[in-house]
Amino acid sequence: MGAFFAGIAGTSLSWEVCLVRILLSFLAGSIMGLERKFRMRFVGIRTLVLICVSSCVIMLLSIYLAQGGFANTGDPARLAAQVVSGIGFLGGGAILREGFNVKGLTSAAIIWTAAALGLAVGAGFIFPALVALVLALLALVLIEFLEELFFPAEELKVLFINCGSSQPELKSLKRAAARFGIVVTNITGASFKDNVLKVSYEVRIPKSIDFHNFARQLFQEFDVVSVELR
């Protein structure tokens, strides 16, 4: 067992070592992604898993090339480094900001993953590339389902509530919104005009929401004149 772990931490590139290293990178990316999700950040589990697994494959590829007899003719790892740097500009072009929401992070990570897999396969580093490909597909398909199941609130919006004589208590409003999969994060502003108090809340909403029933619920539970979601 000690020899096995020594091989994992050393420069050995047996298929067992490569498999364990890539699986560990998958686990590391998943843990970081969960931490971001619990803090309601935009970067998701899939994005960080793809980045972490891709980085692992590129590092294994660099070690493989250095041990494969290429050192006498130059440093082939420089090519991989240039590809990684260049692909960052292409991935950055896939990231867009739409209002309060950031789109394209996973797409940018997929671009980077494709570059890593292409480098690995081109160098004959087939097995780790196949493992990374399977894990990347798992992240994109299975983890997307888990994210939608446990973290349905994905889009950032602003909820405007015109109150009558009293403002809804924040904790009560959060409980009411949670029944519809809406996460109320904080109050972003308030104004008082013509005896009407207008309060705005930053909220995260699911991809599909029954806003009609949500608004009706607010009218029933609170002193609300009107509700608007932007």
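## Terms and model

A nonpolar core is a set of buried Ala, Val, Leu, Ile, Met, Phe, Trp, Tyr and Cys residues joined through side-chain atoms within 4.5 Å. Buried means under 20% relative accessible area, with a 1.4 Å probe and protein chains only.

The model is predicted: local features need pLDDT of at least 70, side-chain atom pairs count only at pLDDT 80 or more, and totals for chains, interfaces and linings use all residues. Residues are numbered from 1 along each chain as its sequence is written, and side-chain values use heavy atoms, leaving out hydrogens and water.

## The cores

The largest nonpolar core has 23 residues, and those touching the most other members are Ile-22, Phe-26, Val-49, Val-53, Leu-60 and Phe-125. At least two residues each come from α2 (15-38), α3, α5 (105-122) and α6; helices here are DSSP runs of H or I with at least four residues, and strands are E runs of at least two, numbered from the N terminus. Helix α3 gives the largest share, 8 residues. Apart from this core lies another, of 19 residues, including Ile-161, Leu-173, Ala-176 and Tyr-201.

## Helices α3 and α6

The axes of α3 (residues 45-67) and α6 (residues 126-150) come within 9 Å and cross at roughly 170°. Axes are lines fitted to C-alpha atoms, for helices over the stretch in contact, and angles run from 0 to 180 degrees between N-to-C directions. The crossing angle makes α3 roughly antiparallel to α6, a label for angles over 145 degrees.

Contact means heavy atoms within 4.5 Å. Among the residues making this contact are Val-49 and Val-53 of α3 and Ala-139 and Ile-143 of α6. The contact residues divide into 11 nonpolar, no polar and 3 charged; Ala, Val, Leu, Ile, Met, Phe, Trp, Tyr, Cys and Pro count as nonpolar, Asp, Glu, Lys and Arg as charged, and the others, Gly among them, as polar. Leaving aside neighbours within four places in sequence, Val-49 is in contact with Phe-26, Gly-29, Ser-30, Ala-139 and Ile-143.

## The sheet

An open sheet is formed by 4 strands in the order β4-β5-β3-β6, with antiparallel pairing. Two strands pair if DSSP finds at least two bridges between them. The edge strands, β4 (183-193) and β6 (224-229), each pair on one side only. Strands β3 (residues 155-163) and β5 (residues 196-205) are joined by 9 bridges. Val-158 has Glu-202 in β5 as its bridge partner.

Helix α7 (residues 170-178) lies across β3, β4 and β5, at about 125° to β4. Helix α8 (residues 211-221) packs on the sheet and touches β3 and β6.

How values were computed
Parallel < 35°, antiparallel > 145°, perpendicular 65-115°, else oblique. Buried < 20%, exposed > 50% of the residue type's maximum accessible area, 1.4 Å probe, protein only.
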